[in-house]
Amino acid sequence: MSENSILIEGVDVLLLDLPTIRPHQLSVATMRRQKLVLVRIRASDGITGWGEATTIGGLAYGEESPESMRANIETYMAPILVGLDATSPNARMFELRSRLQGNRFALCAIETALFDGQARRLGVPLSDLFGGRVRDSLPVAWTLASGDTARDIAEAEQMLDLRRHRVFKLKIGARDVRADAAHVAAIKRALGDRASVRVDVNQAWSETDAMLGMAMLEHAGVDLVEQPIAAHDIEGMRRLRTMNRVPLMADEALHGPLDAFRIAERRAADVFAIKITQSGGLRGAQQVAAIGEAANIGLYGGTMLEGAVGTVASAQLFATLPELAWGTELFGPLLLTEEILRTPLAYRECALQLPTGPGLGIELDEDRIAFLQRQQH
């Protein structure tokens, strides 16, 4: 390594526990707060890159928690990275993955921070490092997850009036199948043709429940059903897809390119929910998208309800995908009560407008972040 090399000097993990604007009810948890996991990588040329590894409900959704990610990054990953060249994200990620098992979310945050730093160094948007964007804005769905039918209808009507969203995803699965279907049907009747209504079951149904539920949801006018049964049951997903006309989307079943290949091979989904954290990083998500495109599977830009950093990182990648037929749900920052950017993200005309600056294209308010961290103690 030459004396002019740009080296990684430090890797910091920051946890921010932020309230949500309203309870967010999933089949696996009810969220009233979201704990953001931010990763900051500092290099010897003075450039800082940011990444995010936020998950849902502690350990309710996946095998990594905010606290475990911080411990693993600080204890195992940072010592590997510090002192190495900051200008080759691929080399750094190869080093980490060859020495560590699992930790998809944590590795995604590190990879994002490395790419953010390198794109800032080059003076280009992060999307340029993935082939360049084909769109400058992304349609964004809104999730209705209060669990209360009247409240969800009122919320959807408000979003339509504001022209902020016209696609709505309902979180269901915590109640009886028939009760959930009635809840969804009432919302679809109220919104009519003004909006697309989709559902996410978060694996809550058995296959027999899903047979009934998907038929009822199709009759109600639902456009898409996300992960109705257990993620590991690829054969069950294939059967459900074969016997139903409403499209089936894989989400928790997708943990990266290998899963994408298996699902595509079995024709077990009509749509892939692409998440950079679930895929283990930006490059993994790009590979999932490529497999989906090759297999004629529709693409949807998913979220782990990240804050601004993870949302923009996802958007930078999704903007490079030639086909994104099902849009995105990159609404995470809108669910939080606190702003951590100097200039908030721009949501208008039912879409997220991509920033044009270098790297992620955002500037974090580090004073605000420090204040929010102090408030937690």
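**Exercise 1.** Which residues are exposed on the other side of α6?

*Solution.* This is a predicted model, where local features need pLDDT of at least 70, side-chain atom pairs count only at pLDDT 80 or more, and totals for chains, interfaces and linings use all residues. Residues are numbered from 1 along each chain as its sequence is written, and side-chain values use heavy atoms, with hydrogens and water left out.

Step 1. Find the helix: α6 spans residues 207–220. Helices are DSSP runs (H or I, at least four residues), strands likewise (E, at least two), numbered from the N terminus.

Step 2. List its buried residues: Glu207, Ala210, Gly213, Met214, Leu217 and Ala220. Buried means under 20% relative accessible area, exposed over 50%, partly exposed in between (1.4 Å probe, protein chains only).

Step 3. They share one side of α6, because they cover an arc of only 125° around the axis. The arc is that of the directions from the helix axis to the C-beta atoms.

Step 4. On the other side of α6, Thr208 and His219 are exposed.

**Exercise 2.** Describe how strands β10 and β11 are arranged.

*Solution.* Step 1. Strand β10 (residues 271–274) pairs with β11 in the parallel sense, over four bridges. Pairing requires at least two DSSP bridges between two strands.

Step 2. Ile274 stands opposite Gly301 in β11.

Step 3. Sort the residues of β11 by direction: Gly298 and Tyr300 point one way, Leu299 and Gly301 the other way, and all are buried.

Key. Expected span 1.5 Å × (residues − 1).
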